[in-house]
Amino acid sequence: MKAREANFDGLVGLTHHYAGLSFGNEASTKHQFRVSNPKLAAKQGLLKMKALADAGFPQGVIPPQERPNVPVLRQLGFTGTDAQIVEKVAKQAPQLLSAASSASSMWVANAATVSPSADSLDGKVHLTVANLNNKFHRASEASTTESLLHAIFRDEHHFAVHGALPQVGMFGDEGAANHNRLGGDYGDPSVQLFVYGREEAKAGLIPARYPARQTLEASQAVARLNQVDAKLVVYAQQNPAVIDQGVFHNDVIAVSNRQVLFCHEQAFLHQQELYATLRQKIPGFTALEVPASRVSVADAVSTYLFNSQLLSRDDGSMLLVLPEEARQHEGVWGYLNELLAGDNPIGELKVFDLRESMANGGGPACLRLRVVLTAEELRAVNPAVMMNDRLFVTLNGWVDRWYRDRLTQADLADPLLLREGREALDELTRILDLGSVYPFQI
């Protein structure tokens, strides 16, 4: 059945700031306490969404979550009115206020893992929400993520949204950032490659410096929940040595599209064996492997070369969407232009300035959730979230009304920020026809 890949990008939230919360994400820790610009961050993301929509790629928007997250602060024993709680936490535990104010839900590659209907035993599109339990500031996202996905993929005849796995280490799940789909046409049954960092049930190679966030057990559970045909599932372990160099998710070292896997030569354990398996299962499988002699892991991490989007164009070639940092690096950009001139499916490079997101450790691939949809399924998606000229103008106007152009960690204590965020999100629910997806009341 004919299908297309739609990308749903996360809209950056009003409390976007640099807190260095994500141990293992070197850009996040490097830019801790830098002054952020939430308005610019949101507009940079909107420009990417609109450009890809204008180029003919189906493009949707996933809204930000309410921050600061007052309910989670109440769970931690803080009492009083919401404004009083923010004031107390700012004085007593500012690091908790920063975590509860994180705008990390913008990186919707971690929102869920998606199985298209062509791969699912019941013929539905399945989305399993990630629990993100390796980091406190992200673990609190799951319930609202589930509500948002239900509001976007609301037709139960076509879509099944599953809640997150249990919030324990054995089932650490980071969503689509550790998941690839490889095959022929989008509408054909395709191989789902689940990438994990460690196996809870037995000892094995694990990173020494940074945590392996995804477990094999979580990947197996997600495959079951998403009803993926077992013949289409492949599990592969990420190379612990590159996790220790800042490759906290697989999408920092590899990206796939249809029959192509674009990755670094050190991305996986037993990489050649993995290629052999994929060649057996996928006609025309192509590994575009970048040698360490041309691009080091450190340079791949600093430029987010692989945290890119690989998109199929109408002529059969592929577009590689990259951050500006990749163009600014002489060695990486030189390699990319050689790749462009070579005999492979990549026919165009497109660069976006996403420096606000990049400084917090999220590139083009982090900002989007890939969902393969048939024409009928695409029509069943909430149409109000799909990017077009009108929505682009509306959302830019919304950002101009509500977002600040300067934010520091100290600014999170401002009670006006809490009120601004709630009033802004209340308006956004009407723009995107979301219904009651947030816990607060205006």
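The largest pocket is lined by 23 residues, and those nearest its centre are Arg4, Tyr186, Ser312, Arg313 and Asp314. A pocket here is, on a 1 Å grid over the protein atoms alone, an open set of points where a 1.4 Å probe fits, with protein on both sides within 12 Å along at least five of seven lines; lining residues have an atom within 4 Å of a point. The model is predicted: local features need pLDDT of at least 70 and side-chain atom pairs count only at pLDDT 80 or more, while totals for chains, interfaces and linings use all residues. Residues are numbered from 1 along each chain as its sequence is written, and side-chain values use heavy atoms, with hydrogens and water left out.

The volume of the largest pocket is about 470 Å³, that is, the space filled by probe spheres set on the grid points. At least two lining residues come from each of β1 (3–10), β12 (309–312) and β14 (346–352), strands being DSSP runs of E with at least two residues, numbered from the N terminus. The greatest contribution is that of β1, with three residues.

The structure contains zero disulfides, a disulfide being a pair of cysteine sulfur atoms within 2.5 Å. Cysteine 263 is in no disulfide, and the nearest cysteine sulfur, that of cysteine 366, is 17 Å away. Cysteine 263 is buried, with a relative accessible area of 0%, where buried means under 20% with a 1.4 Å probe and protein chains only. Cysteine 366 is likewise buried, at 3% relative accessible area.

How values were computed. Buried means under 20% relative accessible area, exposed over 50%, partly exposed in between (1.4 Å probe, protein chains only). Helices (H or I, at least four residues) and strands (E, at least two) are DSSP runs, numbered from the N terminus.
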